[in-house]
Amino acid sequence: MNSPVTQPRQLDASDQILRIDSALHELTLSDFQLDVTCLGQTLADNFEQYPQLPGVVLLKKGEFFGVLSRYDFLDYLLRPQGQELFLRHPLQVLHSYTRTQALVLPADTAILTAAPKSLRSPTAEQHTPIV
């Protein structure tokens, strides 16, 4: 039972030039969410169709559940039996293997505050999108 899939959106930054005090909401952002019941193939299809997507926000019954980065997704697909295991099963299965923690910050967080927080994450999580 798969949930409806919404089309990914890229939210363009304002036409302003970024300043020293610019906030996250002033960056170009991607908005893409899937329910954890969607199959991995659905995510693979979207990553193929939208190469600029850094990842997906996972929802469970409409509530935030976690994040899967494009990097993690492709890394798991390249493992032995990865395609058979993760493309044919719900995204919740893959997410249970990744164990990455999403960095969740308010949209008005200064970029200069968010950047060090992101870089202090374990190396394996530094490619995970900020939510």
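Is Tyr76 buried or exposed? I looked this up first: Tyr76 is buried, with a relative accessible area of 10%. Buried here means under 20% relative accessible area, exposed over 50%, and partly exposed in between, with a 1.4 Å probe and protein chains only.

**Ground rules.** I am working with a predicted model, in which local features need pLDDT of at least 70 and side-chain atom pairs count only at pLDDT 80 or more, while totals for chains, interfaces and linings use all residues. Residues are numbered from 1 along each chain as its sequence is written, and side-chain values use heavy atoms, leaving out hydrogens and water.

**Rings around Tyr76.** I searched the whole structure and found four aromatic pairs. Rings of Phe, Tyr and Trp (its six-membered ring) pair if their centres lie within 6.5 Å; planes under 30 degrees apart are stacked, over 60 edge-to-face, and the rest tilted. Tyr76 and Phe86 make an edge-to-face pair, 5.7 Å centre to centre with 90° between the planes. Tyr76 lies in helix H2 and Phe86 in helix H3 (residues 82-86), so their pair ties together parts 10 residues apart in sequence. Helices (H or I, at least four residues) and strands (E, at least two) are DSSP runs, numbered from the N terminus. Phe86 is buried too, at 5% relative accessibility. Ring pairs link Tyr76, Phe86 and Tyr97 into a cluster. I also noted Arg79, whose charged end sits over the ring of Tyr76, 4.0 Å from its centre. That label needs NZ of Lys or CZ of Arg within 6 Å of the ring centre and within 35 degrees of the ring normal.

**The sheet.** Next I traced an open sheet of three strands, ordered E3-E4-E5, with mixed pairing. Strands E3 (33-35) and E5 (63-69) stand at the edges with a single partner strand each, so one side of each is left without a neighbour in the sheet. Two strands pair if DSSP finds at least two bridges between them. E4 (residues 55-60) and E5 pair in the antiparallel sense over six bridges. Gly55 has Ser69 in E5 as its bridge partner, and Lys60 stands opposite Glu63 in E5. The E4-E5 hairpin has two residues between its strands, and Lys61 in the turn has a positive phi of about 55°.

**The core.** Last, I checked the largest nonpolar core, which has 19 residues; among those with the most contacts inside it are Val56, Leu68 and Phe73. Such a core is a set of buried Ala, Val, Leu, Ile, Met, Phe, Trp, Tyr and Cys residues joined through side-chain atoms within 4.5 Å.
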